[in-house]
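Please study the sequence and the model shown below. Then work through the exercises in order.

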Amino acid sequence: MVRFVNILALLLLFSSVIAAEDLKKVSLQLQWKNQFQFAGYIMAKEKGFYKKAGLDVTLKEWQHGIHMEDDVIQGRSEYATCRATSLIDISNGKKIVYLASIFQSSPLVLLADKSSHIKSIQDVKNKRIMATRDIDISLFSMMFSQGITPKDVKVIQPSFKAADLLNGKTDLIAAYISNEAYVLKSLGGQPVIFNPKDYGFDFYSDLLITSQEYIQDNPQEVKRFRKASLQGWKYAFEHIDETVELIYTKYNSLHKTKEALHYEAEELKKLAYYATDKLGTVEKQKLQRIYDVYKLLGLVQKEIDLRGALYSDYALDTELTTEEKKYLLKRQEITMCIDPNWMPFEHFNKDGKYEGMTADYFKAFEKTLATSFRVLPTQTWTQSIEFAKQRKCDIFSLAMETPKRKEYMNFTSPYLVIPLVVATKLEVPFVSDIKDLEKKKVGICKGYAFAELLKMKYPFLNIVEVEDIDDGLKRVSDGELFGYIGTLASIGYKLQNNYIGKLKITGKIEESWTLGIGVRNDDPLLLSVLQKAVNSLSEEENRRIFNKWISIKYDQEIDYTILWKVVAFFSFILVVGYYFYRKQQLLKGRLQEANDKLEVAYESLQEIAITDKLTQLYNRHKLDEVLSMEKNRIDRYGGSFGIIILDIDYFKLINDTYGHHVGDIVLQELSALLKENSRISDIIGRWGGEEFLIIAPNLEKDDIESFAKNLKDKVSQHLFNKTYKITVSMGISVYQAGEDVEKCLVRADDALYISKNSGRDKITIK
């Protein structure tokens, strides 16, 4: 009997060894020491989630000299966690892949103690900050947005001790809101926290990465690892007490108290679910926005290519399960509701046929799923919504998630992200900010997601719900509404077909319409199936469909019509006044004195009429006049002149990030730089917004290219506002005798468009 027990024990031991050997050994390099910051990975290991995924995972604490991105690329670790600064590594050619972002907003903050008398971010100027050399860019961005440059602070070697805020060794520290703030308070301090997200900088943090080579060689393993890791994070946040106890007893290399770990857990949970209910979300648009900030600050020069940098690029969640395949076999068709009047996205044509962009997308989905979609005819979008609520249709072809719609629909991830714009009458000047619409009646289609969301976000808007886009644009045309808000594509489509010479797109709203498939919320399998259909869309297919239907551009020129009416009126008043004033002065014997004053006033008015107030360059009216004069000169005497249209790259981001006052400084400095590096004979003016026009007489193609290249280089080398660098894109054309000036301008504008769409910071001649 004893022998049998021994043999059984040996067999059990042997089987466990075999099972352990079946698990693939991989390692995860952490970016710091064990604490709740890495609780999800710890719980995935301790609760057996990794083991169930066939993995034996080693968690490696950070050691001095380790660079997480290099660690995965060089194969020392299969996986790692890192900060958003890894985008710089990607821009430099390092092939890493973002599998998930655990924190949707960075935990990193600037921390001071109340005793320092630092009350606002402006008080940080001339203060000492303890931080590592790779201080997170979100902190720099927060300071820069308030006018504080790197020269205004002194960065000193960190001790990683909150106590140094109390003993006078530093004024501030770069700290995790989940850690040092608690420690400072426990030491008797009074934390003063400056959080980048309060200033609009919601940067990702604690990104889970692997290498592109590894995911290509081990796609299913990466899928299992990611799923188990997120399962671990979900468990950790749902069982904080249990997780804290485990970290305290087994993973406590920092010797934190249970109370400190609890505080850390609660703070990090907020950041993990910040503005989302889904763990691990990583969006390409947000990564691009973060990188654009790096570019503005001069930390990077080149464009970034994010293809292959996201987990979603590898289409790992496209394969249907057995259950999903059976589900589709049972269903003969899936009923769908659309917006019947929303071109170029979708509509029913005169013959009642469903067509538009979504029709093409759903043809692709039908091939992927080997199923059919039946479109139910409705008269309005409001009726489509009612059909969905009554379960008459299973899905919306294209819809945005809102709190109200979540009551009866679930949503796939977006497969279209479209800018919102406002359409108005022609005489309305450019709308640069949504606040320009305050107290003005603006129409939005009844039932549209943004009617609900804009009301919540911008309560000052006077929103009028209209039946559909045609109703909205007609009311604008008739003067009932100031404007109509909708997508760039749909409004542009209608204006081109019905309202040329009547309405225009006047500005872009700083919101986008993120559109996916809406799925009835009592059918989770259908949601899963359609999400995989969306995942299966290739970049090429997406681009093909999008480019087929969207080819709309809108002009952001400043409208000078009203300005000229005002100038003309005051010119008339001045002339009349001048006449009577002169007559009066003649009678008083002071004719010469009056004449001198009025001549100066008249010259000043003339100067104002042709000068851009901000940049002190010529304005568009003067440029049009010079172009006409140059044309007449060349047509009469021969020769040529060059036209350069110059546009600041990412200028909108400068305004959004640092405010319009900084944008104005950039425009003024650029104007001075262009004048300084041009010839006396060159005419330079502000063409509109961030666009400048240079008229260069007597220059042929080769000469004007050299001239433009010199200007571009001077701009890229200049430190604007003594803080950051910018680049410009240029379009060039050369006028030949007898040519239409407008055609020459169009060539330059087309060339500029090519420069901006081929990577920016480029020159194109056409």
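The model is predicted: local features need pLDDT of at least 70, side-chain atom pairs count only at pLDDT 80 or more, and totals for chains, interfaces and linings use all residues. Residues are numbered from 1 along each chain as its sequence is written, and side-chain values use heavy atoms, with hydrogens and water left out.

**Exercise 1.** State what percentage of the residues of the protein chain count as buried.

Solution. Buried means under 20% relative accessible area, exposed over 50%, and partly exposed in between (1.4 Å probe, protein chains only). Of 766 residues in the protein chain, 51% are buried.

**Exercise 2.** Classify Gln 668 as buried, partly exposed or exposed, and locate it.

Solution. Gln 668 belongs to helix α25 (residues 660-676); helices are DSSP runs (H or I, at least four residues), numbered from the N terminus. Because its relative accessibility is 37%, Gln 668 counts as partly exposed. Thr 615 lies 53 residues from Gln 668 in sequence, yet their C-alpha atoms are 5.0 Å apart.

**Exercise 3.** Describe how the axes of helix α2 and helix α9 cross.

Solution. Two packed helices are described by the angle and the distance between their axes. The axes of α2 (residues 39-46) and α9 (residues 219-238) come within 7 Å and cross at roughly 105 degrees. Therefore α2 is roughly perpendicular to α9 (65 to 115 degrees). Here, axes are lines fitted to C-alpha atoms over the stretch in contact, and angles run from 0 to 180 degrees between N-to-C directions. Contact means heavy atoms within 4.5 Å. Residues making the contact include Tyr 41 and Met 43 of α2 and Trp 233 of α9.

Note on methods: Helices (H or I, at least four residues) and strands (E, at least two) are DSSP runs, numbered from the N terminus. Angles under 35 degrees count as roughly parallel, over 145 as roughly antiparallel, 65 to 115 as roughly perpendicular and the rest as oblique.
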